[in-house]
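Keep the structure open while you read, and look for each part as it comes up.

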Amino acid sequence: MGMISSSIARKFAMALSGLFLVFFLGQHFVINLTSVLDPDTFNSWSHFMGNNGLVQFALQPVLIFGVVFHFVMGFILELRNRNARAISYAKYKGSANASWASRNMIISGLVILAFLGLHFYDFWVPELVHKYIESNPLDPTRYYAETVHKFENPIRVGLYVVAFVLLAIHLWHGFASSFQSVGFNNKYSVALTKFAKVYAIVIPVGFIFIALYLHFNQHLIH
């Protein structure tokens with residue numbers, strides 16, 4: 001019972017961290033979408049997120065912790081699940097028993113983690129250098145041009161596209177199953193599962209659209 005309880009607790013904690021990251025992903029998408037719809041709004045919101053004390057020194061550390069916790073817990077659960085299997089997969093029938101997405105969460109998770117590293121390198125690190133190392137004056141209008149410039153390189157855009165495809169696969173299984181892991185099982189479960197599936201497609205495709213749009217519209221800042 002102790003092992004079962006600890007396993008359930010791990011899955012519960014991982015599901016909660018995953019739901020938190022899903023919420024952040026949606027918020028991040030809304031802000032990024034304004035780079036296509038209204039550059040001035042994008043500059044305004046980006047400036048707020050980059051200079052608000054609550055966001056920078058309270059919410060941002062929580063977000064980073066959530067990302068690290070979610071992926072570390074995922075690796076732990078995957079290793080424990082593999083060690084707990086007493087019977088080999090000689091009779092395993094692949095997708096007849098489980099979807100490809102559920103069987104490869106560790107792979108999609110690793111790719112997404114690598115993508116987050118690239119994303120931090122592209123945006124978070126330059127922001128820290130701009131503000132705290134170079135001590136540049138505040139410029140609320142710089143964010144749009146800097147973002148468009150980042151998507152000038154087709155290789156970087158290709159990496160983003162691949163990462164978001166893997167994110168869709170990861171969300172397809174993970175978002176829906178998180179509701180079961182936290183014990184949410186009532187008359188709304190079917191509707192929530194359908195919402196999770198739609199979300200898993202719409203949000204990554206939306207990010208891909210933004211990356212491609214900015215890549216093919218470099219003239220907007222020239």
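Helix α7 (residues 154–181) and helix α8 (residues 189–215) pack at an angle of about 170°, and their axes lie 8 Å apart. An axis here is a line fitted to C-alpha atoms, for helices over the stretch in contact, and angles run from 0 to 180 degrees between N-to-C directions. Angles over 145 degrees count as roughly antiparallel, so α7 and α8 are roughly antiparallel to each other. Sorted by class, their contact has 23 nonpolar, 2 polar and 1 charged residues. Nonpolar means Ala, Val, Leu, Ile, Met, Phe, Trp, Tyr, Cys and Pro; charged means Asp, Glu, Lys and Arg; the others, Gly among them, are polar.

Before going on, a word on where this comes from: the model is predicted, local features need pLDDT of at least 70, side-chain atom pairs count only at pLDDT 80 or more, and totals for chains, interfaces and linings use all residues. Residues are numbered from 1 along each chain as its sequence is written, and side-chain values use heavy atoms, with hydrogens and water left out.

Zooming out, the protein chain has 8 helices and 0 strands. These are DSSP runs (helices: H or I, at least four residues; strands: E, at least two), numbered from the N terminus. Of the 222 residues in the chain, 36% are buried, meaning under 20% relative accessible area with a 1.4 Å probe, protein chains only.

What about the inside? The largest nonpolar core has 34 residues, and Leu25, Phe164, Leu171 and Phe175 have the most contacts inside it. Such a core is a set of buried Ala, Val, Leu, Ile, Met, Phe, Trp, Tyr and Cys residues joined through side-chain atoms within 4.5 Å. Among the elements giving two or more residues to this core are α1 (2–37), α3 (53–84) and α5 (105–133).

| Residue | Helix | Relative accessible area |
|---|---|---|
| Phe207 | α8 | 5% |
| Gln56 | α3 | 11% |

Which residues does Phe207 touch, leaving aside neighbours within four places in sequence? Phe207 is in contact (heavy atoms within 4.5 Å) with Leu25, His28, Phe29, Asn32 and Phe164. Phe207 and His28 sit 179 residues apart along the chain, yet their C-alpha atoms are separated by 9.7 Å.

How values were computed:
Angles under 35 degrees count as roughly parallel, over 145 as roughly antiparallel, 65 to 115 as roughly perpendicular and the rest as oblique. Buried means under 20% relative accessible area, exposed over 50%, partly exposed in between (1.4 Å probe, protein chains only).
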